[in-house]
Amino acid sequence: MHFISEQRLDDGVLAREFTLGEIPGTLWTPESDVPVPLILMAHNNGLPKREPRLVARARHSAAHGHAVATIDAAGCGDRPRSAADEQARADIRRAMQAGKPVDEIFESFIGPLVEKAAPEWRTTLDALLSLPGIGGPVGYSGWMALGIRLAVADPRIAAAGFFAGGYVPRAQREEARQVTVPLLLLLQWDDEGNPRQRALDLFDAFGTEEKTLHANTGGHTGTPWFEVEDGDRFFGRHLK
């Protein structure tokens, strides 16, 4: 892991850009004399790590005592996209504009994206946990399809907060039954692009004994800020 820049922010949080091979990322850490727990914060499929809402969440969590890291995994952010990825994105846009079903197109696009992203996140986690000042346990926050895969595949994930927005492939819907860590799921009740019932069915399918659903009125990007604060309390209970 190679740090390429750092900035001390006005809330005392240290923001550092890094590269890990071809993987670019950002690490936010609080001022602390002892090792702090880590939250992996993943943006939804394809968005960049500098997306303002993610950065705001990361800074808030870091200011409240967590190390927070995000990366642009394969096919996300500014990373190169394959011709197949670009074709799938174009097909999705055309189908949505025409009012046609998009599930199968999403399946062919999001499924491989999760398969490519998960190993890079685990490689990043290996490197992060070797840094001084960062310890376990580890939480995950963000993109649900990827989070399901990581929660099932990596025993270091001790708690997860998911956003019920974005398509979840069939493979991850099945894997949801194997998720056993404490879970907080955020649902925007009026999300125009994500069927509400599908999110409720998925919440029911999660295998964990401790799961909480927070539903708020509003569209896809309307999650209230107080949910960020509640999320920090959730991770505070399970990571400290």
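Me: How many cavities of 30 Å³ or more does the structure hold?
Reply: Two. The model is predicted, so read them as features of a model.

Me: How much space lies in the largest cavity?
Reply: About 170 Å³.

Me: Which residues are closest to its centre?
Reply: R57, S141, E227, G231 and F235. They belong to a lining of 17 residues.

Me: And which element gives the largest share of that lining?
Reply: α7, with six residues. The elements giving two or more residues are β4 (36-42), α1 (52-63), β7 (157-163), β8 (183-188) and α7 (226-239).

Me: How do the residues of that lining divide into nonpolar, polar and charged?
Reply: Nine are nonpolar, five polar and three charged.

Me: OK, the second largest cavity. How much space lies there?
Reply: About 30 Å³.

Me: What lines it?
Reply: A42, H43, I71, A73, C76, A117, W121, W143 and L146. By class, eight are nonpolar and one is polar.

Me: Switching to helix α2. What does it reach from first C-alpha to last?
Reply: 21 Å, over 15 residues, 83-97. That is close to the 21 Å expected at 1.5 Å a residue.

Me: Which residues in α2 are buried?
Reply: D85, A88, R89, A90, I92 and A95.

Me: What covers them?
Reply: The cover includes α3 (103-129).

Me: Which residue just after α2 takes a positive phi?
Reply: G99, at about 75°.

Notes. Residues are numbered from 1 along each chain as its sequence is written. This is a predicted model: local features need pLDDT of at least 70, side-chain atom pairs count only at pLDDT 80 or more; totals for chains, interfaces and linings use all residues. Side-chain values use heavy atoms; hydrogens and water are left out. On a 1 Å grid over the protein atoms alone, a cavity is a set of points where a 1.4 Å probe fits but cannot get out, and a pocket is an open set with protein on both sides within 12 Å along at least five of seven lines; lining residues have an atom within 4 Å of a point. Grid points are joined across faces, edges and corners, and a volume is the space filled by probe spheres set on the points. Helices (H or I, at least four residues) and strands (E, at least two) are DSSP runs, numbered from the N terminus. Ala, Val, Leu, Ile, Met, Phe, Trp, Tyr, Cys and Pro count as nonpolar, Asp, Glu, Lys and Arg as charged, and the others, Gly among them, as polar. The expected span of a helix is 1.5 Å times one less than its number of residues. Buried means under 20% relative accessible area, exposed over 50%, partly exposed in between (1.4 Å probe, protein chains only). Contact means heavy atoms within 4.5 Å.
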